[in-house]
Amino acid sequence: MADEALFLLLHNEMVTGVYKSADQGEVENGRCITKLENMGFRVGQGLIERFTKDTARFKDELDIMKFICKDFWTTVFKKQIDNLRTNHQGIYVLQDNKFRLLTQMSAGKQYLDHAPKYLAFTCGLIRGGLSNLGIKSIVTAEVSAMPACKFQVMIQKM
Amino acid sequence: MSRPGNRRPECHKINRDLFVLTYGALVAQLCKDYEKDEDVNNYLDKMGYGIGIRLVEDFLARSCVKKCHSYSEIADLIAQVAFKMYLGITPSVTRNESSRNEFSLILDKNPLVEFVEELPAGRSSLCYCNLLCGVIRGALEMIHLTADVTFLQDRLKGDKVTEIGITFLKKLEEKKCRRKK
């Protein structure tokens with residue numbers, strides 16, 4: 001769908017924009033990532049509401065994570081999460097071998113240090129989605145070789 | 001008995017929602033960062049420009065449009081093909097009688113403002129959809145046409161419709177035909 005191009009370009013412009021305005025104001029790197037993550041959080045909250053309007057109730061945490069990996073990821077990024085691992089104690093690792101937002105950037109180690117900027121929004125997206133499903137979490141991402149990346153979700157017991 | 005899960009019939013809608021919600025989050029963040037409305041508008045326009053210069057390639061690759069020979073053909077193309085492809089709407093095109101270079105796109109339905117009820121207090125001159133102006137301007141520039149694109153009317157500001165005005169600034173270069181002498 002043509003919409004994908006629009007979202008990809010908007011996302012890239014957002015990342016560039018946030019960092020450009022940071023240069024002028026001498027803000028640390030961490031704050032830019034936080035800004036992007038917070039934007040993703042809000043979007044994730046809204047998106048999950050519209051998405052799960054008609055779906056059945058989730059049985060447990062694992063069910064919710066599977067939903068994120070399959071349906072949510074497919075709708076947003078046109079593919080499923082390739083690998084989901086958990087230690088059954090609240091930590092989940094979602095592995096995407098060909099992450100949509102990184103495929104256009106590089107296919108290996110080039111630009112590796114720029115990759116985290118482009119993952120912050122998606123981390124927020126996951127965190128926001130989980131938050132509106134009743135799960136409080138911390139989501140981080142790591143990349144060792146583009147375009148594969150791993151999202152680590154740490155469920156916080158309230 | 002549980003209903004079989006819907007096989008994502010609203011896939012396209014969700015994708016559009018993703019874009020619309022992301023745009024909303026962006027504008028909200030900009031309103032926090034910048035106090036003046038003009039700053040936000042300029043920022044959105046610049047961002048739109050950056051998107052437009054890249055989007056035009058995607059557009060040309062996806063649509064097999066033939067070469068245009070007049071400004072009105074271009075305006076029609078933007079309204080009927082590009083807008084339809086990316087936002088799912090078809091604005092109507094009107095032409096300014098007095099000038100051959102001025103056109104308006106009248107948007108009946110604007111998906112970008114689907115979740116916006118009204119502009120926040122104290123932000124009355126915010127052009128919420130200014131990104132669109134930048135996108136059109138950037139896209140046209142990549143095909144060697146300079147244009148001035150602004151919002152003439154905005155439903156969020158109380159007007160009846162949303163109107164984007166496109167004013168082409170330079171003459172379209174005439175196709176140089178190679179003639180065998």
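Predicted model: local features only at pLDDT ≥ 70, side-chain atom pairs only at ≥ 80, totals over all residues.

A: The area buried between chain B and chain A is about 3,000 Å², and carbon and sulfur atoms give 70% of this area. Buried area here is the accessible area, taken with a 1.4 Å probe, that two parts lose on being put together, summed over both. Residues are numbered from 1 along each chain as its sequence is written, and chains are lettered from A and ligands numbered from 1 in the order in which they are written.

In terms of residues, 33 of chain B are in contact with 28 of chain A, contact meaning heavy atoms within 4.5 Å. Four residue pairs between chain B and chain A, with both residues at pLDDT 80 or more, are in polar contact. A polar contact is a pair of N or O atoms within 3.5 Å; within protein, one must be able to donate a hydrogen and the other to accept it, and residues adjacent in sequence count only if both atoms are side-chain atoms. On the side of chain B that touches chain A, α1 (11-33), α2 (37-62) and α3 (71-87) of chain B each supply at least two residues. The most comes from α1(B), with 16 residues. By class, this side of chain B holds 18 nonpolar, six polar and nine charged residues. Ala, Val, Leu, Ile, Met, Phe, Trp, Tyr, Cys and Pro count as nonpolar, Asp, Glu, Lys and Arg as charged, and the others, Gly among them, as polar. The helices (H or I, at least four residues) and strands (E, at least two) are DSSP runs, numbered from the N terminus.

Side chains of opposite charge can pair when their charged atoms come close. Three salt bridges are found across the interface of chain B and chain A, each defined as a side-chain nitrogen of Lys or Arg within 4 Å of a carboxyl oxygen of Asp or Glu. One salt bridge joins A:Lys35 to B:Asp33, with 3.1 Å between the closest N and O atoms.

The lining of the second largest pocket has nine nonpolar, eight polar and 10 charged residues.

On a 1 Å grid over the protein atoms alone, a cavity is a set of points where a 1.4 Å probe fits but cannot get out; a pocket is an open set with protein on both sides within 12 Å along at least five of seven lines, and lining residues have an atom within 4 Å of a point. Grid points are joined across faces, edges and corners, and a volume is the space filled by probe spheres set on the points.

In the whole structure, two cavities of 30 Å³ or more are found. The largest cavity, of about 40 Å³, is lined by A:Asp3, A:Glu4, A:Phe7, A:Val76, A:Lys78, B:Asn15 and B:Leu18. Two or more of these lining residues come from each of α1 of chain A and α1 of chain B, with α1(A) giving the most, three residues. The lining of the largest cavity has three nonpolar, one polar and three charged residues.

The second largest cavity has a volume of about 30 Å³, and A:Glu4, A:Phe7, A:Leu8, A:Val76, A:Phe77, A:Arg100 and A:Leu101 line it. Here α1 and α3 (61-77) of chain A each give two or more residues. This lining divides into five nonpolar, no polar and two charged residues.

A:Glu4 and A:Arg100 also pair with each other, their side chains meeting in a salt bridge at 2.5 Å, N to O. A:Glu4 lies in helix α1 of chain A and A:Arg100 in the loop between β2 (91-96) and α4 (115-132) of chain A, so this pair ties together parts that are 96 residues apart in sequence.

Definitions and conventions:
Heavy atoms only, no water.
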